[in-house]
Amino acid sequence: MKKIIAATDFSAAATNAAEYATDMARTVNAGIILLYVYLPPAIFGEAPLPDNSEAVIREAEAELDRLKDRLTARSQAEVLVETIIRHGAFFTELKDVCNSSKPYTVVMGSQGTTAAERLFLGGHADYATRHLEWPVITVPEGVGFSSIKKIGLACDFDKVIEITPVDEIKLLVNDFNAELHVVNTGKKKLFNPETVFGSGMLQEMLHELKPAYHIITSENTDDGIMEFAEKNEIDLLIVLPKRHGFLDRLLHRSHTKQLVLHSHVPVMALHQHE
């Protein structure tokens, strides 16, 4: 059975994402893994701090059980929900659970109401979308799952063969019987032979899905993509994070981060497996 991991910190935004994951799981006949990661408090100096780990874990277990019951009732018991508590750094534990369960996708809240939620959810969601090798969907606050009829793929036609996970895109489009809309994020004036070649390669790779192609002409690429997604009622926006060298990381403004933190449409990050 497929597995969808819903990472939670028990905030309203994370619970909304877990409900989104459950409704998606019901559609694709998947189970849910509710994951909570507890980070033990840091120790400063030699003075020992009171160890309240057991109390925190008991409270987390109770919260997970309540959320499990809520999601089970939501799916009318059609979705099997299991819970996992891990101790340690969030991304390390999430990656380990992914490697053992091989999820269909990971679902996380991307934005919260409070400053603390925005810091926690936004930071973890951004990092996971850029570094986790498994598909990650970030869900904006208040956005629910109804169906996925239109999937957008944001692509600048650069390094198409190296970064485009064609099999995952085909699986997703076919699972939901969705339309695929490829959104070119490059500028017309910047087109060069490599861009034309990449465009042709992508059309060949995705031809059986019969995608529609669109060009974003906005000077602000992120705003242009988000405007396109909302105007065209895109249900899920796929982005393809790229790996950057050290110098690039210093200079690069992450489009993925901007979309994850500000999009009103769920964003899915897909990586090409090496």
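## Two helices in contact

Let's start where two helices meet: from α1, the residues Thr 15, Ala 18, Glu 19, Thr 22, Asp 23 and Arg 26 touch Leu 67, Arg 70, Leu 71 and Arg 74 of α2. Keep in mind that what you're looking at is a predicted model.

How do these two helices sit against each other? The axes of α1 and α2, the latter spanning residues 53-74, come within 10 Å and cross at roughly 40°. An angle under 35 degrees would count as roughly parallel, and 65 to 115 as roughly perpendicular; α1 and α2 are therefore oblique to each other. As for handedness, the crossing of α1 and α2 is right-handed.

## Aromatic pairs

Searching the whole structure turns up 4 aromatic pairs. One of them is Tyr 20 with Phe 145, an edge-to-face pair at 5.3 Å centre to centre with 90° between the planes. Tyr 20 belongs to helix α1 (residues 12-28), while Phe 145 sits in the loop between β5 (136-139) and β6 (150-155), so this pair ties together parts that are 125 residues apart in sequence. Both Tyr 20 and Phe 145 are buried.

Another is Phe 91 with Tyr 127, also edge-to-face, at 4.9 Å centre to centre and 80° between the planes. This pair links distant parts of the chain too: Phe 91 lies in helix α3 (residues 90-101) and Tyr 127 in helix α4 (residues 115-131), 36 residues apart. Are its two members buried or exposed? Phe 91 has 19% relative accessibility, so it counts as buried, because the cut-off for that is under 20%. Tyr 127, with a relative accessible area of 37%, is partly exposed.

## A cluster of rings

Which residues share an aromatic cluster with Tyr 20? Phe 145 and Phe 176 do, and together with Tyr 20 they form one cluster.

Terms used
Residues are numbered from 1 along each chain as its sequence is written. This is a predicted model: local features need pLDDT of at least 70, side-chain atom pairs count only at pLDDT 80 or more; totals for chains, interfaces and linings use all residues. Side-chain values use heavy atoms; hydrogens and water are left out. Rings of Phe, Tyr and Trp (its six-membered ring) pair if their centres lie within 6.5 Å; planes under 30 degrees apart count as stacked, over 60 as edge-to-face and the rest as tilted. Helices (H or I, at least four residues) and strands (E, at least two) are DSSP runs, numbered from the N terminus. Buried means under 20% relative accessible area, exposed over 50%, partly exposed in between (1.4 Å probe, protein chains only). Axes are lines fitted to C-alpha atoms, for helices over the stretch in contact, and angles run from 0 to 180 degrees between N-to-C directions. Angles under 35 degrees count as roughly parallel, over 145 as roughly antiparallel, 65 to 115 as roughly perpendicular and the rest as oblique. A crossing is left-handed if the near helix is turned anticlockwise from the far one by less than a right angle, and right-handed if clockwise. Contact means heavy atoms within 4.5 Å.
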